[in-house]
Amino acid sequence: MGSCEAIARSRLEVPNFNRLFYNCSFAYNRAASGLDFAAAPVLNSSFSRSLPLEKPEFLQRLSHCYGISLSHKGYDDFETLLADIDRFAAQDIPVISEIDLFFMPGHPFCGNTRDGHMMILGGKGHAPDTLSVLEAVFGWSELPLASYLACFEDRRHRGRPFYLMHVSRDAAIDNALSLPSILADLSASIDNLNSDTNDKGLSALKVFSSDIVDFLKRVDAPFIVPGFWTLMCTYKNNLRFLAALDPSLTAGAHKEVTAMQRQMAWLYKRWFLLNLSMETSVSDDDFKALAELPQLLATVFACEEQTPDLIAALRHALEKG
Amino acid sequence: MEDDLTQELATILGVRPDMIARDVAFAEQGISAADVRQVALRTGRKAPELIWGGMTIAGLAECFTNPDTREPDTGNLFAEMGFVPGLPDAMYYE
């Protein structure tokens, strides 16, 4: 959704999407064979978040809060796709394309794995046979048409079309998020964190941390966990969400909101550092960057154990008014 | 020996200089896009190269060459070209 927000900010006068959802959750998709490399440096198990919104609710909130509508078109023919991209570029209309980040030349994992991702298209690139694309990590880049075609064919092999997406806005709509939506998000976070299964919540974090510590004893090569980067983004989003809450809703919950902001800020920094350790170890091919991982994970777990109670206290205070 | 950019960002981010990657620096909570831009101006690096993680969204928006350009009136262009409302499952869940 970063690409949608970028277009909304720059073209549609929506300053942010901060009110869309609040989320504290963990999801561990552990390979049955245990933690190992899938295609080094990428591990075979993901550790990520579990978003509280299904697609219909997400679209409804996008429309209700910000007047944002999304439309899409599926392509079965590459030449038709390129012709439409040319047409949008000629009119300076930004459209979003799905494009696997790992088809980007220069990415450390290029060719190693697959990933859902979206980029903003800017039409033909300056170099022959390239597309100009805007991506979060790379900024404006020239993507070889051959890479774009490879991604297109990958989707076709999955038996589905390749999609473009357009973002539009009804500027008259600018509503606050309703209290029931906020309470539902907080409840979803509490339910996830308190789950007693090993694939969700704090139980999952405990198992994952233990697996990582064991894995570090077995290997001496840098690695990265799929999905791990989403956690720091989620906590950053939570901080923005709390800051954007309608003051009329939080008048009686100042203490709880402040406590939650402090918790999210502290945890955001640690999840950021954890992710940074993995990214740095891979980019520098330096296993030593992972030395602090076990201690950091232990520190984070100790703090995360307090999160469900803090969310419950916030939920109670908001509900009480 | 760390270069100036690495040192400066490490100071801003509150991490050890050796934790700053060579090619992509990392923005941290409390660092505004203006901060990153200033670093970029002083060091001659492009702001998008410095922006990652929490700063991703602001960085993307500011990458547009003309941020004042507003969406042109496209009328029914997208409907005529076969665009349909909503988001396909593949773009939300995959």
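Mentor: This is a predicted model, and in it 30 Å separate the centres of domain 1 of chain A and domain 2 of chain A, taken over C-alpha atoms. Domain 1 is made up of residues 20-54 together with 177-320, while domain 2 covers 68-169. Chain A holds 11 helices and 10 strands, and its C-alpha trace spans about 55 × 55 × 30 Å along the principal axes. For 321 residues a compact globule would have a radius of gyration near 20 Å, and the 21 Å of chain A agrees with that.

The part to look at closely is the pair formed by helix 7 of chain A, residues 229-244, and helix 9 of chain A, residues 254-283, whose axes come within 8 Å and cross at roughly 155°. Because angles over 145 degrees count as roughly antiparallel, helix 7 of chain A is roughly antiparallel to helix 9 of chain A. The crossing of these two helices is left-handed.

On the side of helix 7 of chain A, the residues that take part include W229(A), M232(A), Y235(A), L239(A) and L242(A), and those they meet in helix 9 of chain A include V257(A), M264(A), Y268(A), W271(A) and F272(A). Taken together, the residues of this contact divide into 14 nonpolar, 3 polar and 1 charged.

Technical notes. Residues numbered from 1 in each chain as written. Chains lettered and ligands numbered in written order. Predicted model: local features only at pLDDT ≥ 70, side-chain atom pairs only at ≥ 80, totals over all residues. Axes fitted to C-alpha atoms, helices over the stretch in contact; angles between N-to-C directions. Helix = DSSP H or I, 4+ residues; strand = E, 2+ residues; numbered from the N terminus. Parallel < 35°, antiparallel > 145°, perpendicular 65-115°, else oblique. Left-handed = near helix turned anticlockwise from the far one by under 90°. Contact = placed C-beta atoms within 7 Å. Nonpolar A, V, L, I, M, F, W, Y, C, P; charged D, E, K, R; others polar. Domains from an automatic or database assignment. Rg over C-alpha atoms; globule rule 2.2 N^0.38 Å.
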